[in-house]
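Hi everyone, thanks for coming. Let me put the structure on the screen, and then I'll walk you through a few of its packing details.

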Amino acid sequence: MLVEFVIFICIGAFAGLLAGMFGIGGGALIVPALIFTLDHFNFGNNWINHIAVASSLATIIGTSLSSSWLQNKNHNIQWSVLKKMVLGCIVGTIIGSYMTPYIPGIYLRWIFIAFLFYIGGKFIFKTSKVNNSQTTQKISTGNSIFLLVGAFIGVFAALVGVGGGVLVVPFLKKCGIDMRKAIGTSAAFTLPVAIGGTIGYIIAGWNIPELPQYSLGFVYLPAVFSIMLASIPMAKVGVQIAQKLSINKLIKYFGIFLLLLALKLLVSSL
């Protein structure tokens, strides 16, 4: 149990740092790391992928609270936009989490691998379009679009166990929102995604007997609390680093990291 605890702490520290830097929940790291760890210790049997996704969303609650608080302190959250997306994202995450028991675990893994390749490549090859300008442009998108996009991201986030930030940031940039504010708003967006998804996964896995001890539905509590213990303070460090470094470099490095994770998962799945 001590070895597991140390592994979960390391996962949480790195995930929290990434969450603070990029306005994401950290699921892009947590999900594959939990898949590897749970598989190594033979936890969860055929439900390993579901447990990894559910536990990732649960840890994002703490990480998002930490990074959102600092982003708001730095005036980087566009609250008017966030309010338009919240209802859609909550509904979407609950729907997505209810869908997962009917989706084989290997399919969830392939969805996540494809997601990592797409986002990693996007971050690497499109960083030239990102700038650090602090001028916020006027948003012309209608309220219904924000609601629908929030719902779509919510469903997708619930299926792959991320906070949705990697989709929210590019969308908000398309709406003309400054990059730092897009990251800050994304950090706050991941909170309702994580709450809605966690509730859904608890209910969806409630009556499944094959789950490991100390699980609440699909949520594996030892992993969640251990990861949050490190991710919450490290998210604050990540926000402080992001305020000082070039956004272009941060996004490019993160894209490389995502591609390496995707390759590792791909090799282990073949």
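Let's start with the aromatic cluster: W47, Y201 and F218 are linked by ring pairs. Rings of Phe, Tyr and Trp (its six-membered ring) pair if their centres lie within 6.5 Å; planes under 30 degrees apart count as stacked, over 60 as edge-to-face and the rest as tilted. Please keep in mind that this is a predicted model, where local features need pLDDT of at least 70, side-chain atom pairs count only at pLDDT 80 or more, and totals for chains, interfaces and linings use all residues. Residues are numbered from 1 along each chain as its sequence is written, and side-chain values use heavy atoms, leaving out hydrogens and water.

Searching the whole structure gives three aromatic pairs. For W47 and F218, the ring centres are 5.3 Å apart and the planes sit at 45°, so this pair is tilted. It links distant parts of the chain, 171 residues apart: W47 is in the loop between α2 (27–40) and α3 (48–73), and F218 is in the loop between β1 (215–216) and β2 (219–220). Helices (H or I, at least four residues) and strands (E, at least two) are DSSP runs, numbered from the N terminus.

W47 counts as buried at 19%, and F218 as buried at 0%.

Now to F146 and F171: their ring centres are 5.6 Å apart with planes at 80°, so the pair is edge-to-face. F146 belongs to helix α6 (residues 143–160) and F171 to helix α7 (residues 165–174), so parts 25 residues apart in sequence are tied together. Both F146 and F171 are buried.

Last stop: how do α3 and helix α9 (residues 221–244) cross? Their axes, lines fitted to C-alpha atoms over the stretch in contact, come within 8 Å and cross at roughly 25°, with angles running from 0 to 180 degrees between N-to-C directions. α3 and α9 are therefore roughly parallel, as angles under 35 degrees count as roughly parallel, over 145 as roughly antiparallel, 65 to 115 as roughly perpendicular and the rest as oblique.

Technical notes
Buried means under 20% relative accessible area, exposed over 50%, partly exposed in between (1.4 Å probe, protein chains only).
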